[in-house]
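Subject: Model for you, with notes on its salt bridges

Hi there,

Here is the structure I promised to pass on.

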Amino acid sequence: MKSISKIYHRKRRLFAIAAVFAFLGMALILFFLYMSYYSREKEKEADLQRIASEEYQGIFLSTYGVDSFSEGDFSTYRGLQIVKCSYEAKSLSDISEYLDAVFLTENKVTNIYLGLDSLTLWNACGKDISGWDSALEEYLLPYFSSHPQVRFEILFSAPSLEHWGNASQEELSQWTATCRSLVGIFDAYANVSAYFPGSQHWLIANPGNYADNCALTFAAAKKLMLFTFCDGAFLITPDNSDVFFDELSVLIDAYQEAPKTYTDLSEWSVVFFGDSVMGNYEGSISVPGVTAGLSGAKVYNCATGGSTASASSAEIINFPKSVELFLAGDTSLLPEGSSFQTALASYLQEESSGQKLCFVINYGLNDYFLGCEIDNAADPYDESTYCGALRSGIRTLKDAHPEASILVAAPNFITIFSAGEEKNSEKGGVLTDYVDAAQRAANEMDAYSLNTYEALGYDASNAADYLEDGCHLNEEGRFLFGEHIIRSIEDIISPAPQF
């Protein structure tokens, strides 16, 4: 009997302990929910205070995260002082509360920017079509009619391809249906424009563009702001909506059926040298950024716009000089605030002895444009020539980092200068001469090579899909280039068998 009594009391104690832990767990959950709610309410309070007290011409309110969008960009590129709201609206009534606050002020408001995730709004309406219609009629559409002088610009959410790959078909179908519904409704108002970036491959296929789900990185957000609110790109109407949704469907189907996989390069540090093809772009939308986003590699963009491989001009930075500055490890030698300075500072701070190192070298377009001499048979290391500068810079890198891999990427296809078939000086050549020379120099220096000119797979027939100005790669072109950088490093890691 004593034994049974002990078991009984032990069970009671265990039950009591479990109940206490369950209570504490529930209390902790409630605490975090309360703190989340409290934090959101404080954000709303701060927003509404700004709206009531500041001078501005517009606001940017969203149902998804827009922390990476910059108020300064609206001032710089649109000439508008705006209030970017920190609070993420969760319903149409939330949006109405903000719009009421805006139009109660004496500000001469000209632009209202709304980031809308249609599924968030649908869920807030109880997933009911009658609730959806009545909420629109009560909380949003009246503002379009009563303020015809105000431009309402809608930026639909652009969830990542990974998000859609893991989402249910029901979720995707409802998101698509509600987006279509809003597109049709908005089209009836002359002062409303809607933009749909969610089918852009370069955007949604690169995880590096996302902080989470719909929230973009700074570089991606800035590019999207410029594309949509400045250039009017991705404007969606009932007439072209099928194209956007069909493109998205194709991307999602391909991802779900056979998702592309990339080798984990998180143990690699990849340093890029090159000209404006690399150097004119920052963050996740640059070629190094794509490389990092898809593979996890640490990347350092030491490329400089306008630079050449050859030391043919004292006014233009060249590859051997860039290598010298990089190896010196002194950021004060570089222009203040330049991407090269930022990249070198990060490299010096983050470099780990356990990291594998790869240098990617991509020059040739400016050497071609300037008609630089390709080679000097009497002096293979003549830095005034294209090949001589490549050899010299590679040799210096090898001496400093004998364990590093070196990848020379040839210049890409262009459409200007008769698709690179014109010679720009008596001593220079056509563009393909520089392409061949890049590969020759790499082979002679026991470095790896990537024939970018051919590997990217575009020519005169489809170059407009990959070039933004006949020379520089656009977002899709840079995405493709980043993919090929990764594939080349994969080949370095696991070379194809030779037969």
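Is Glu475 buried or exposed? Glu475 is buried, at a relative accessible area of 7%; buried means under 20%, exposed over 50% and partly exposed in between, with a 1.4 Å probe and protein chains only.

Before the rest, some ground rules. This is a predicted model, so local features need pLDDT of at least 70 and side-chain atom pairs count only at pLDDT 80 or more, while totals for chains, interfaces and linings use all residues. Residues are numbered from 1 along each chain as its sequence is written, and side-chain values use heavy atoms, with hydrogens and water left out.

Taking a salt bridge as a side-chain nitrogen of Lys or Arg within 4 Å of a carboxyl oxygen of Asp or Glu, the count is 15.

Glu475 has Lys223 as a salt-bridge partner, with 3.3 Å between the closest N and O atoms. The two sit 252 residues apart, in helix α21 (residues 475–493) and helix α10 (residues 218–230) respectively; helices are DSSP runs of H or I, at least four residues, numbered from the N terminus. Lys223 is buried too, at 17%.

Another salt bridge joins Lys44 and Asp94 at 3.7 Å, connecting helix α1 to helix α3. Lys44 is buried at 10%, and Asp94 is buried at 10%.

Finally, Glu444 and Arg391 pair at 2.7 Å. Glu444 is partly exposed at 46%, whereas Arg391 is buried at 6%.

Happy browsing!
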